[in-house]
Amino acid sequence: MSSPSVISFVAALTLVMLAVLGKVLPGWCVFLLVTAFAKGLAALGLVLIIRSGLLSFGQGLFYCAGGYGAGLLMLWGGVNDAMLLVLAGGFVSLVLGAVIAPLLAGYRSIFFATLTLALSMLAHGALTKADFLGGSDGLNLRPPSFLGFQPASSAEAVYSLYLFACVLVVACALACKVHFNSVRGLLSLAVRDNEIRVEYLGSSVKRVISENFTAAAFLGGIGGALNAIAVAHIDPELAFWTTSGEFVFVAILSGYLSVSAVFAASIMLEFIRSFSSQYFPNAWQMSLGIFMLASILFLPNGIGGLLQRRKKRLEGSKIA
Amino acid sequence: MQLVTTILIDGLIDASWIFIVAVGLTLIFGVLNILNIAHGNFYAIGAYVAANAVGMYYSGSNPPMLGLLAMTGAALAAAIVLGPLLERGLLRFFYHRDEIVLVLVTYALFLILEDATKLIWGVNPYYAYEPYGLFGNINIGRMNYVGYDLFLVGLAVVIGIVLWLGLNRTKSGKVVLAVIHDREMSSAAGVNVTKIFIVAFTIGVFLAALGGAFTAPKISVQPGLAVMVVLLSFAVVVIGGLGSIEGAAIASLIVGLARALAIHLAPWAELFIVYLVMAVMLAVRPQGIFAPTALRKI
């Protein structure tokens with residue numbers, strides 16, 4: 001099931017199925033999926049960090065940097081193409097992540113979590129006071145184009161954006177799946193188990209953590225840029241610690257064992273939030289909290305762990 | 001000179017309420033090894049129950065000064081209900097898990113309590129302004145200060161001294177210190193660790209609620225209080241050193257003065273100065289100013 005050709009086939013099939021699904025589902029549902037995909041990409045980055053046994057409470061920093069990178073390129077640079085904007089957002093976050101990563105690679109446990117939190121809040125405070133970047137109100141963006149195609153109606157715009165998001169998600173998920181099964185990816189799990197053993201075997205733990213953090217920043221940036229062009233708005237709240245908290249929620253619910261589980265958890269979060277805020281406007285956070293507690297208690301490895309257990313059981317019954 | 005005095009006094013006033021809240025967080029971390037994200041919620045609940053207590057107390061013809069006791073009683077009642085309930089009913093099930101998992105559990109608790117306060121008290125603001133005028137105005141130099149703000153400075157000093165003496169000069173306090181140093185060894189020596197956990201967590205909740213209760217007369221009590229306060233407390237605890245009361249006191253002063261400096265000299269930095277100090281401190285001295293000596297267990 002893990003050979004490159006099989007993975008590529010599954011990825012292509014998923015893309016086709018998602019494209020068909022977008023035609024069947026109502027517009028609001030398709031838009032909800034786009035925002036879930038954007039958050040899922042940022043959470044996927046967080047999962048990369050969690051695989052090496054660390055937790056970042058500052059993934060919102062890169063989500064925000066990606067959003068502002070894409071937004072400012074659109075407003076100041078006159079670029080309208082969604083692909084260029086998303087790549088620019090990812091690049092801005094990648095550079096930021098690469099600068100911060102060597103500093104953070106020396107920290108563990110709560111110190112890693114609090115330092116990432118502090119950096120994210122630092123960006124939030126600075127952006128809130130930066131009037132030339134829209135201050136606390138943020139900036140409004142224009143509708144994007146897709147490789148030269150400018151949608152004529154709003155329904156067409158939503159579906160084009162959805163298709164674009166699907167391509168991004170499948171490409172990133174595919175890259176992460178390949179990485180998870182590679183020696184470099186498995187080294188993260190070894191770091192999680194025992195750092196000293198990894199160092200004795202000749203690998204650099206700091207390098208593994210730096211690489212994961214930088215890749216996480218890139219994914220966070222892509223997610224932030226996608227979210228920015230979807231909602232056509234950027235503001236400092238993207239870097240606020242509660243935004244990072246949402247990515248933590250998705251990562252905990254999904255676990256660190258499966259890529260697809262991350263997007264399943266992100267979609268679940270968006271739907272719970274959407275329905276709860278409509279029917280119980282003052283209790284949607286409570287339902288998220290209860291959901292999170294239940295998943296920590298009953299699903300210590302998240303949805304991904306559940307999927308893996310099921311897969312192993314199926315393989316076991318086949319052998320029997 | 002006048003500006004320096006103003007910054008110092010404003011910083012001191014700010015530091016006082018931050019210390020009352022943050023010292024509870026550091027106590028909980030020291031004893032239970034939990035970085036409690038829900039600590040801000042206890043502050044918010046303290047503010048709400050105090051606002052209710054003030055409303056009820058001052059609606060009758062009671063002695064005005066005793067209103068402060070009503071606020072303290074309200075915070076204590078909240079802590080006595082919430083502390084044992086949450087420690088026994090929730091946190092103890094996760095003690096065997098990694099400390100990051102415990103952070104996530106308190107994050108879930110934060111989400112639950114954030115909405116629970118909205119469901120109980122609604123979304124409209126509450127006001128508890130009556131105690132704010134109890135101490136009148138006091139002139140320092142050419143500046144006029146509200147006596148209540150200076151009373152908070154005194155309250156923070158008293159709380160700090162009582163807590164320090166309680167931990168370092170009493171038998172029960174030394175038992176708590178023993179649990180902080182080595183949980184297993186204390187248990188083997190006959191210490192009831194479960195009881196220490198419940199009491200320490202409840203005191204931590206009480207300090208947060210007390211901070212909220214005594215801040216309530218200065219602010220409008222409304223949803224969203226917990227979100228910012230927990231971050232300020234985190235900054236204090238990280239700068240001072242996780243689990244250190246002396247560190248929390250010094251760090252509260254640093255945070256209070258940094259905020260006052262920013263407000264008076266660089267208003268554009270007001271929103272992020274605390275996180276800048278926190279990030280610099282973590283980069284330079286990750287264990288904080290008063291890092292407790294870590295024993296290496298073999």
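Mentor: The loop between helix H1 (2–32) and helix H2 (39–59) of chain B holds Asn33(B). This is a predicted model, and every value below is computed from it. The phi angle of Asn33(B) is positive, near 60°, although the residue is something other than glycine. Is Asn33(B) buried, exposed or partly exposed? Asn33(B) has 15 other C-beta atoms within 10 Å, so it is partly exposed; being buried would take 20 or more, and being exposed 12 or fewer.

As for confidence, chain B has an average pLDDT of 89, and 97% of its residues score at least 70.

Ala232(A) sits in the loop between helix H9 (205–231) and strand S2 (233–234) of chain A. With 14 C-beta neighbours inside 10 Å, Ala232(A) is likewise classed as partly exposed.

The C-alpha trace of chain A spans about 55 × 45 × 40 Å along its principal axes. Its radius of gyration is 19 Å, which agrees with the value near 20 Å that a compact globule of 320 residues would have. Of the 320 residues in chain A, 51% are buried. Among the contacts in chain A with a separation of 6 or more, 80% join residues 24 or more positions apart.

Next, the place where the two chains meet. There, 32 residues of chain B are in contact with 33 residues of chain A. On the side of chain B that touches chain A, the elements giving two or more residues are helix H4 (99–121), helix H9 (225–240) and helix H11 (273–284) of chain B. Of these, H4(B) gives the most, with 16 residues. By class, that side of chain B has 28 nonpolar and four charged residues, and no polar ones. For the complex, the predictor gives an ipTM of 0.86 and a pTM of 0.87.

The elements that give two or more residues to the side touching chain A are H4, H9 and H11 of chain B.

Notes
Residues are numbered from 1 along each chain as its sequence is written. Chains are lettered from A and ligands numbered from 1 in the order in which they are written. This is a predicted model: local features need pLDDT of at least 70, side-chain atom pairs count only at pLDDT 80 or more; totals for chains, interfaces and linings use all residues. The radius of gyration is taken over C-alpha atoms; the globule rule is 2.2 Å times the number of residues to the power 0.38. Two residues are in contact if their C-beta atoms, placed from the backbone, lie within 7 Å. Helices (H or I, at least four residues) and strands (E, at least two) are DSSP runs, numbered from the N terminus. Ala, Val, Leu, Ile, Met, Phe, Trp, Tyr, Cys and Pro count as nonpolar, Asp, Glu, Lys and Arg as charged, and the others, Gly among them, as polar. pLDDT is the predictor's confidence in each residue, from 0 to 100.
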